[in-house]
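Please keep the sequence and the model side by side while reading. The paragraphs below go through helix packing, then the surfaces facing DNA, then some individual residues.

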Amino acid sequence: MPELPEVETVKNELSPLVLGRKVTNVTLLWEGIVRQPSATDFRSRLIGQKITGINRRGKYLLFSLSNGGTLIAHLKMSGALIAGRGNAQEVRFARAVLYFDDGSNVVFRDPRKFGRMWLVNDASSVVGKLGPEPLETDFTTQVLAQRIKGRKAPIKALLCDQSIVAGVGNLYADEALFLARIHPLTEGGNFFEYRLKHLHSAIRRVLQKGIKNKGASIENYVRPDGNPGTAHLEFLMPRKAGEPCTRCGTPVERITVRGRGTYFCPKCQV
DNA sequence: ACCACAACCTGGCCGC
DNA sequence: TGCGGCCAGGTTGTGG
């Protein structure tokens, strides 16, 4: 399921293919993928626009358009953007296709229909409430401390809260907590400073490692060229109860935090 | 303000 | 082999 490293990889690998390209046609095979505006307006306003920039904010992809607007895409759990040529509509689970002036296209593939797109004049109407970017230099231990201060929810839930820090999801939250040796149910606002420092650096390290490995390919995530990433092969925390902890060998446990499968080592994480 | 949980979806896995 | 039930999780909306 695409989190920050996966979306960053999509951005990086899509950039050279679509930057400067003009949209010549848009096919919506499932109109529900368009969140805003109407499907009809989405098509008519997007066709003819040139892609002038690609950015990522949290787990959102933002395509700047020549008219000043922004095309925003969120892959949610099972989405992928796949670049190609020719019979794009035959791609299994294709929900939308963007055609470009050089004969190429990008398919929004999404088996579970959770993914969404927006076409807006002001991107902040969609991404405005996101917390800081964890890999930017302004995301400091102090910023993290300030944002979780006084919070009673389990730290795992807070890490997955996009308004506290943008881009961390279920998998990388588990990885970061394991690296920082913090139990996922630890009360969020109840940290000693040195533990917060560990957590802060762990968040950045697991995300950077994820990007280096071009994302984790579990569920349906693939890169724009159709190939998987390799980050899941280097996950420190096995995503199966009873598997040995990669650090101490103790069988890892699975609990549910906020309805999400959460894996941790009962010996390493306290 | 904060917290918790259901709903949205459907392919794939598990057990019978 | 086939079938039914259930699991996966990012975000939104609702209710406490």
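Axes here are lines fitted to C-alpha atoms, for helices over the stretch in contact, and the angle between two axes runs from 0 to 180 degrees between N-to-C directions. Two packed helices are described by the angle between their axes and the distance between the axes. The model is a predicted one.

Begin with helix 1 (residues 4-18), which packs on helix 7 at an angle of about 35°, the two axes being 8 Å apart. The crossing of this pair is right-handed. On the helix 1 side the residues are L4, P5, E8 and T9, and they meet L207, G210 and I211 of helix 7. Sorted by class, this contact of helix 1 with helix 7 has four nonpolar, two polar and one charged residues.

Helix 6 (residues 170-179) also packs against helix 7, with an angle of about 130° and axes 8 Å apart. Helix 6 passes helix 7 in a right-handed crossing. Helix 6 contributes Y172, E175, A176 and L179 to the contact, while helix 7 contributes L199, A202, I203, R205, V206, L207 and G210. These residues divide into eight nonpolar, one polar and two charged.

The next partner of helix 7 (residues 193-212) is helix 4 (residues 141-148): their axes come within 9 Å and cross at roughly 110°. That angle makes helix 4 roughly perpendicular to helix 7. T141, L144 and A145 of helix 4 meet L196, K197 and H200 of helix 7. By class, three residues of this contact are nonpolar, two are polar and one is charged.

Now turn to the DNA. Around DNA strand B lie G32, P111, R112, K113, F114, G150, R151, K152, A153, A157, R258 and G259. The surface near DNA strand B has four nonpolar, three polar and five charged residues. DNA strand C has 15 residues around it, of which K59, Q162, G169, N170 and G261 come nearest. Near DNA strand C the division is four nonpolar, six polar and five charged.

Which residues does F108 touch, leaving aside those up to four places away in sequence? They are I33, A73, G79, L81, R95, A96 and G115. F108 sits in strand 8 (residues 104-109). F108 is buried because 25 other C-beta atoms lie within 10 Å, the cut-off for burial being 20 or more. The C-alpha atoms of F108 and G86 are separated by 15 Å, and these residues are 22 apart along the chain.

Some backbone details remain. Most residues other than glycine have a negative phi, and most peptide bonds are trans. Q36 and P37, however, are joined by a cis peptide bond with omega of about -5°. P37 lies in the loop between strand 2 (34-36) and helix 2 (39-46).

F93 is not a glycine, yet its phi is positive, at about 70°. This residue is in the loop between strand 6 (80-85) and strand 7 (94-100). F93 counts as partly exposed because it has 17 C-beta neighbours inside 10 Å. K214, also not a glycine, has a positive phi of about 60°. K214 is found in the loop between helix 7 and strand 10 (253-257). With 20 C-beta neighbours inside 10 Å, K214 counts as buried.

Methods. Residues numbered from 1 in each chain as written. Chains lettered and ligands numbered in written order. Predicted model: local features only at pLDDT ≥ 70, side-chain atom pairs only at ≥ 80, totals over all residues. Helix = DSSP H or I, 4+ residues; strand = E, 2+ residues; numbered from the N terminus. Parallel < 35°, antiparallel > 145°, perpendicular 65-115°, else oblique. Contact = placed C-beta atoms within 7 Å. Nonpolar A, V, L, I, M, F, W, Y, C, P; charged D, E, K, R; others polar. Near = placed C-beta within 6 Å. Left-handed = near helix turned anticlockwise from the far one by under 90°. Buried ≥ 20, exposed ≤ 12 C-beta atoms within 10 Å, placed from the backbone.
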